[in-house]
Amino acid sequence: MNIIYLLRKCASLIYVKQGKYDKEMKIQDLDANELDRAASMLKAIAHPTRIAILSLLEDNRFTVSEIHKNLNIEQSTTSHHLGILKDKGVLVSQREGKNTYYSLKYESIQNIINCVSKCART
């Protein structure tokens, strides 16, 4: 699959699911700022550890401790990657008492992870 096609499809998924557009949009419907934001989000996702984190968060929300235990990675590394994903608008966090829970900001992120997984297998 062509990377340009993947960028277009993923950018479309990001903005359609945000409720920004009512119909399936085309890449021509995105302005330069939207394309830049979509590319920035895709760059943030494009790391093996971050893909694993996003896959774990597909239908759940977890704390840093839960993520690092599930993925068997250092807690500091987990926090670093969560910070990048949150900064680029891929994740949201919610504080509850002493814990901060992370989850996907947009349901469409699941589609991107599935799309990347399919591309990796071909």
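A residue counts as buried under 20% relative accessible area, as exposed over 50%, and as partly exposed in between. Ala39 has a relative accessible area of 22%, so it is partly exposed. This residue sits in helix α2. The model is a predicted one.

From Ala39, look across to Lys88. The two are 49 residues apart in sequence. In space, their C-alpha atoms are 10.0 Å apart.

Now take helix α5, residues 75-87. The helix has 13 residues. From first C-alpha to last, α5 reaches 18 Å, close to the 18 Å expected at 1.5 Å a residue. Four of its residues are buried: Thr78, His81, Leu82 and Leu85. Seen down the axis of α5, the buried residues fall within an arc of 105°, so they line one face of the helix. The general rule is simple. An α-helix has 3.6 residues a turn, so residues three or four places apart point the same way.

What do the buried residues of α5 pack against? They pack against α2, α3 and α4, and also against β1 and β2. The face turned away from this buried side carries Ser76 and Asp87, which are exposed. Just after α5 comes Gly89, with a positive phi of about 85°.

The two strands come next. Strand β1 covers residues 91-96, and strand β2 covers residues 99-104. They pair in the antiparallel sense over 6 bridges.

Methods: Residues numbered from 1 in each chain as written. Predicted model: local features only at pLDDT ≥ 70, side-chain atom pairs only at ≥ 80, totals over all residues. Heavy atoms only, no water. Pairing = 2+ DSSP bridges. Expected span 1.5 Å × (residues − 1). Buried < 20%, exposed > 50% of the residue type's maximum accessible area, 1.4 Å probe, protein only. Arc of directions from axis to C-beta. Contact = heavy atoms within 4.5 Å.
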